Amino acid sequence: MKLALTLCLIVPAASWHMVGRPAMRPRTSLDATGVFYSTMTGNTETCGNHIVEALKGAGVDASDLTDIGDADSVDSFDSLIVGAPTWHTGADSERSGTAWDEWLYDTLPSLDLSGKKVAVFGCGDQEGYADNYCDAAGELFDQFKAAGATLVGMTSTDGYNHVESKAEVESGKFCGQMFDEDNQYDESEGRAKAWVEQLKGEGMF
Ligand SMILES: Cc1cc2nc3c(=O)[nH]c(=O)nc-3n(C[C@H](O)[C@H](O)[C@H](O)COP(=O)(O)O)c2cc1C
């Protein structure tokens with residue numbers, strides 16, 4: 001008993017905290033927005049990083065960019081920004097050709113996203129795949145909506161050259177922010193900044 005008491009007195013408080021309690025970060029607004037993406041050749045990651053930088057520049061608290069293939073959980077966030085490329089041209093479903101294809105149908109249906117705001121971004125090639133530009137972004141939009149999320153961040157199709165896109169969910173409106181690193185890479189950073197300001201205005205954060 002005497003030994004136990006002596007040990008208690010000499011173990012510094014910080015050590016007790018480290019060994020005696022799980023390392024828990026207090027929940028603050030820093031955890032408010034999660035940014036998730038997938039990629040085959042890195043373009044969606046580039047655009048996701050532009051978004052993360054824009055969020056920082058706009059004073060928005062958000063997590064770093066996370067590959068959906070490595071994500072343990074998305075539902076601990078108040079709001080989500082999710083992005084995908086399109087590789088499965090013309091497919092009815094599983095259009096991204098990345099980890100989203102499995103996640104959207106195996107994981108998402110078990111989550112309750114009601115009350116969470118979700119904004120979608122896509123990365124595609126509007127010249128080479130003009131009839132299917134950013135189709136996978138439209139699929140993310142539909143699946144997150146079906147899971148009960150509130151989708152925000154629609155943008156105008158002005159300035160794009162595509163013919164058809166499943167991401168164009170209303171005439172002249174994309175379901176979120178579309179990027180094109182193949183043809184308009186110099187627009188991506190500005191598009192990310194403008195979109196983040198729009199999301200702020202829509203009360204996403
Ligand atoms: C085989 C192949 C199929 C593609 N299909 C489409 C498509 O249907 N729609 C589209 O917008 N882009 C399509 N792309 C272009 C890619 O989506 C685009 O290069 C994108 O930036 C890749 O993003 P990632 O590097 O994040 O994977 C395709 C590219 C290749 C090589």
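**A buried threonine, then the rest**

Thr157 counts as buried, because its relative accessibility is 12% and the cut-off for buried is under 20%. Keep in mind that this is a predicted model. As for location, Thr157 sits in the loop that runs between strand E6 (155-156) and strand E7 (168-170). What is Thr157 in contact with, leaving aside its neighbours within four places in sequence? The list is His162, Glu168, Gly172, Lys173 and Phe174.

Next, a lysine. Lys117 belongs to strand E4. Its relative accessible area is 26%, so Lys117 is classed as partly exposed. Once neighbours within four places in sequence are set aside, Lys117 contacts Asp78, Ser79, Leu80, Thr150, Val152, Glu202, Gly203 and Met204. One of these has a polar pairing as well: a polar atom of the Lys117 side chain is 3.1 Å from the backbone oxygen of Gly203. Lys117 can also be compared with Phe205: the two are 88 residues apart in sequence, yet their C-alpha atoms are 8.8 Å apart in space.

Now the interior. In soluble globular proteins, nonpolar side chains tend to be buried together. Here the largest nonpolar core contains 31 residues, and Phe36, Leu80, Val82, Trp100, Trp103, Phe144 and Met178 have the most contacts inside it. At least two residues of this core come from each of strand E3 (79-85), helix H4 (100-106), strand E4 (117-123) and helix H5 (135-146). Which element gives the most to this core? That is H5, with 5 residues.

Trp103 is worth a look on the screen. Not counting residues up to four places away in sequence, Trp103 touches Ile68, Val74, Leu108, Pro109, Leu111 and Phe144. There is also a second, separate core, of 21 residues, with Val35, Ala54, Ala119 and Phe179 among them.

On to the ligand. It is surrounded by 18 residues, of which the closest are Thr39, Thr41, Thr44, Thr86 and Asp182.

- to an N or O atom in the side chain of Thr44, 2.6 Å;
- to a polar backbone atom of Gly42, 3.1 Å;
- to a backbone N or O atom of Asp125, 3.1 Å.

On its own, the ligand has 640 Å² of accessible area, and the protein covers 85% of that.

Of the 205 residues, 45% are buried. Among contacts with a separation of 6 or more, 74% are between residues 24 or more positions apart. The accessible surface is about 10,600 Å², with 51% of it belonging to carbon and sulfur atoms.

Last, confidence. How does the protein score on average, and where among its elements is the mean pLDDT lowest? The average pLDDT is 88, and 85% of the residues score at least 70. Among the elements, helix H2 (residues 13-20) has the lowest mean pLDDT, 34, while strand E9 (residues 177-179) has the highest, 99. Residues 1-30 have pLDDT below 50, and beyond near neighbours in sequence this stretch makes 14 contacts in the model.

That is what I have; I will take questions.

Notes
Residues numbered from 1 in each chain as written. Predicted model: local features only at pLDDT ≥ 70, side-chain atom pairs only at ≥ 80, totals over all residues. Heavy atoms only, no water. Core = buried A, V, L, I, M, F, W, Y, C linked by side-chain atoms within 4.5 Å. Buried < 20%, exposed > 50% of the residue type's maximum accessible area, 1.4 Å probe, protein only. Helix = DSSP H or I, 4+ residues; strand = E, 2+ residues; numbered from the N terminus. Contact = heavy atoms within 4.5 Å. Near = heavy atom within 4 Å. Polar contact = N/O pair within 3.5 Å; in protein donor to acceptor, adjacent residues only side chain to side chain. Areas by Shrake-Rupley, 256 points an atom, 1.4 Å probe, with all protein chains shown as cover. pLDDT = per-residue confidence, 0-100.
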